[in-house]
Amino acid sequence: VDTSTTLFGKTLPRPLLISSMTGGTAEARAINRILAEGAQAAGMAMGLGSMRAAIEDPGLADSYDVRDVAPDILLFANLGAVQLNYGYGIDECRRAVDMCTADALILHFNALQEAVQPEGDGDFSDLYTKVEAICRQLEVPVIAKEVGWGFSADTARRLRDAGVAAI
């Protein structure tokens, strides 16, 4: 049985993803590198944790640096979609992608998590327009990821229409 598939121009021997988990700390650097080595060995894709920490403090960028141990994997950079309502735009998205030489950018939607955190960013208004602008300008595909509850069929259609390449 051949389980391989092609996604965003790269062949994956196994259609599995090590999902976005961590970044921005010394411990996260070690974890990301171990996960990336595993992804490389297994032929799986990998998403990095939110890269907001390194966008705000470039000294933390090395916690997302895994290409030397995983040169062939399909690698996803990651930022919170809500950050598009808090000053982030195409420049920050490009910085995240460039920081780790990513093949695509995940924009994660985590409305419930943001709502319950005292320091959460809860303004999710008008994100479709901003996501569409990122999709049009970014040189790599954009992925929408919901953290907790999934997307409704209507929301998935609207994201697709905005240019999102995968959900």
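These legends accompany close-up views of a predicted model.

**View 1. The five-stranded sheet is open.** Its strands run in the order E3-E4-E5-E6-E7, with parallel pairing. At the edges sit strand E3 (17–18) and E7, each of which pairs on one side only. As a reminder, strands of a sheet pair through backbone hydrogen bonds, either parallel or antiparallel.

**View 2. Here we look at E3 beside E4.** Strand E4 covers residues 45–47, and its parallel pairing with E3 spans two bridges. Look for Ile-18, which stands opposite Met-46 in E4.

**View 3. The largest nonpolar core brings together 39 residues.** Leu-79, Leu-105, Leu-107 and Leu-138 have the most contacts inside this core. Elements that each supply at least two of its residues include helix H1 (26–42), strand E5 (75–80), strand E6 (104–109) and helix H5 (127–137). The largest share, five residues, comes from H3. A second, separate core has seven residues, among them Ala-45, Ala-104, Ile-106 and Ile-143.

**View 4. Now we turn to Leu-107 and its contacts.** Setting aside neighbours within four places in sequence, Leu-107 touches Leu-79, Ala-81, Leu-84 and Val-131, and also Val-142, Ile-143, Ala-144 and Lys-145.

**View 5. A nonpolar patch lies on the surface, formed by Leu-112, Val-116 and Trp-149.** Together these residues have about 390 Å² of accessible area. Val-116 belongs to helix H4 (residues 111–116). Val-116 counts as exposed because its relative accessible area is 63%, and the cut-off for exposed is over 50%. For contrast, in soluble globular proteins nonpolar side chains tend to be buried together.

Conventions. Residues are numbered from 1 along each chain as its sequence is written. This is a predicted model: local features need pLDDT of at least 70, side-chain atom pairs count only at pLDDT 80 or more; totals for chains, interfaces and linings use all residues. Side-chain values use heavy atoms; hydrogens and water are left out. Patches are made of residues with over 30% relative accessible area and no salt bridge: like charges are joined within 9 Å, nonpolar side chains (Val, Leu, Ile, Met, Phe, Trp, Tyr) within 5 Å. Accessible areas come from the Shrake-Rupley method with a 1.4 Å probe; for residues, only the protein chains shown count as cover. A salt bridge is a side-chain nitrogen of Lys or Arg within 4 Å of a carboxyl oxygen of Asp or Glu. Helices (H or I, at least four residues) and strands (E, at least two) are DSSP runs, numbered from the N terminus. Buried means under 20% relative accessible area, exposed over 50%, partly exposed in between (1.4 Å probe, protein chains only). A nonpolar core is a set of buried Ala, Val, Leu, Ile, Met, Phe, Trp, Tyr and Cys residues joined through side-chain atoms within 4.5 Å. Contact means heavy atoms within 4.5 Å. Two strands pair if DSSP finds at least two bridges between them.
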